[in-house]
Amino acid sequence: MRIVSLAGGIGGARFLRGLLTAVPDAEITVIGNTGDDITLFGLRVCPDLDTIMYTLGGGIDENQGWGRAKETHVVKEELAAYGMEPQWFGLGDRDFATHIVRTQMLNAGYPLSQVTEALCTRWQPGVRLLPMSDDRTETHVVVTDEHGRRAIHFQEWWVRMRASAPAEEIALIGAADAKPAPGVLEAIHGADLVILPPSNPVVSIGTILQIAGIRQALEAKVVVGVSPIIGGAPVRGMADACLAAVGVPATAQGVLELYGASLIDGWLVAEEDRDTRLDGVRVEVRPVLMSDPAATAALAQAALDLAGELAQ
Ligand code: GDP
Ligand code: CA
């Protein structure tokens, strides 16, 4: 079975771990969000790709959901002692090594897709992890704060400001010129089914869908999605703040309508959201909380079962 999944960071990574448990022999290609990528201290950081790589490779900090297990922060402290900014982004010593390897390879001329493949030879995530694009894109957010109305990097809004100022606009800089990374469209064309995990619908999945040709390729496939919103609230994180920026209610219904019936064939929602409806979409109620590995594997299996039914 050939499966394609789009993914952001924590929500995507946890779901994928369940998917691998449910179907260990499937050929899974993950198209990862790179809109969150940022250059810090001269190093290229790809938070969502790394969260997937570390989670599936057994190196993630399980409590935090991102970053490395058994992490130390000597380099960060030393940079702070020099007064180096930014100090609001958490980079541990072990994590730094990943960004050093990545940046060295990028500077040597390798595209991000090849760099990611090289990093994955260490982590063996059990999936083929592809960045959505080798072209540089970055999500920026327009806010008004004490400095006036300005556009800042998504990470500054999300991590430093904890989304405290409303996002007036969210834009993927570079989207118009970005091409899908090699293998992305081929994987979609060759897929038996496509699963959208409960990743952020605006800045994770929504970003990937903006890359030329990806959405059109997905529309030709059976696509089953899992709602990241339960009973009107994101399960964790601040996805509601992103949805507000694009004028979409933070509900399972709102996210389904945002994706649209041209993309989604099946949609899994929590019991609280059983009234969710959209013409042309099969909505099913399932436990969509990834409370533990067994529940997550069962959720992945439910998505596969629905996709299998819809494919017939
Ligand atoms: P990020 O890049 O680290 O923010 O992670 P993602 O974009 O992959 O996922 C974030 C989304 O996952 C948030 O909108 C959450 O609501 C959603 N999420 C997290 N845990 C769960 C869960 O257990 N069940 C469901 N349905 N959604 C979840
Ligand atoms: Ca992310």
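Me: Which residues are closest to ligand 1, and how many surround it?
Reply: This is a predicted model, and in it 19 residues surround ligand 1. The closest are P198, S199, S204, P228 and M290.

Me: OK, M290 again: what does its backbone do with ligand 1?
Reply: A polar backbone atom of M290 sits 2.7 Å from an oxygen atom of ligand 1.

Me: And what about V235?
Reply: V235 also brings a polar backbone atom, 2.9 Å from an oxygen atom of ligand 1.

Me: Is it side chain or backbone for D48?
Reply: Side chain. A polar atom there lies 3.2 Å from an oxygen atom of ligand 1.

Me: How much of ligand 1 does the protein bury?
Reply: The protein buries 90% of the 590 Å² that ligand 1 exposes when taken alone.

Me: Switching to pockets. What's the volume of the largest one?
Reply: About 1000 Å³. Its lining counts 44 residues, and G9, I10, G11, W158 and R236 lie nearest the centre.

Me: Which helices give two or more residues to that lining?
Reply: Helix 1 (10–22), helix 2 (47–57), helix 4 (93–107) and helix 6 (154–160). Helix 2 gives the most, with five residues.

Me: What kinds of residues line the largest pocket, by class?
Reply: There are 21 nonpolar, 16 polar and seven charged residues in the lining.

Me: Last one: where does the largest pocket lie relative to the domains?
Reply: Between domain 1 (2–134 + 177–311) and domain 2 (138–170), because both give residues to its lining.

How values were computed. Residues numbered from 1 in each chain as written. Chains lettered and ligands numbered in written order. Predicted model: local features only at pLDDT ≥ 70, side-chain atom pairs only at ≥ 80, totals over all residues. Heavy atoms only, no water. 1 Å grid on protein atoms, 1.4 Å probe; cavity = no way out; pocket = protein on both sides within 12 Å on 5 of 7 lines; lining within 4 Å. Points joined across faces, edges and corners; volume = space filled by probe spheres on them. Helix = DSSP H or I, 4+ residues; strand = E, 2+ residues; numbered from the N terminus. Nonpolar A, V, L, I, M, F, W, Y, C, P; charged D, E, K, R; others polar. Domains from an automatic or database assignment. Near = heavy atom within 4 Å. Polar contact = N/O pair within 3.5 Å; in protein donor to acceptor, adjacent residues only side chain to side chain. Areas by Shrake-Rupley, 256 points an atom, 1.4 Å probe, with all protein chains shown as cover.
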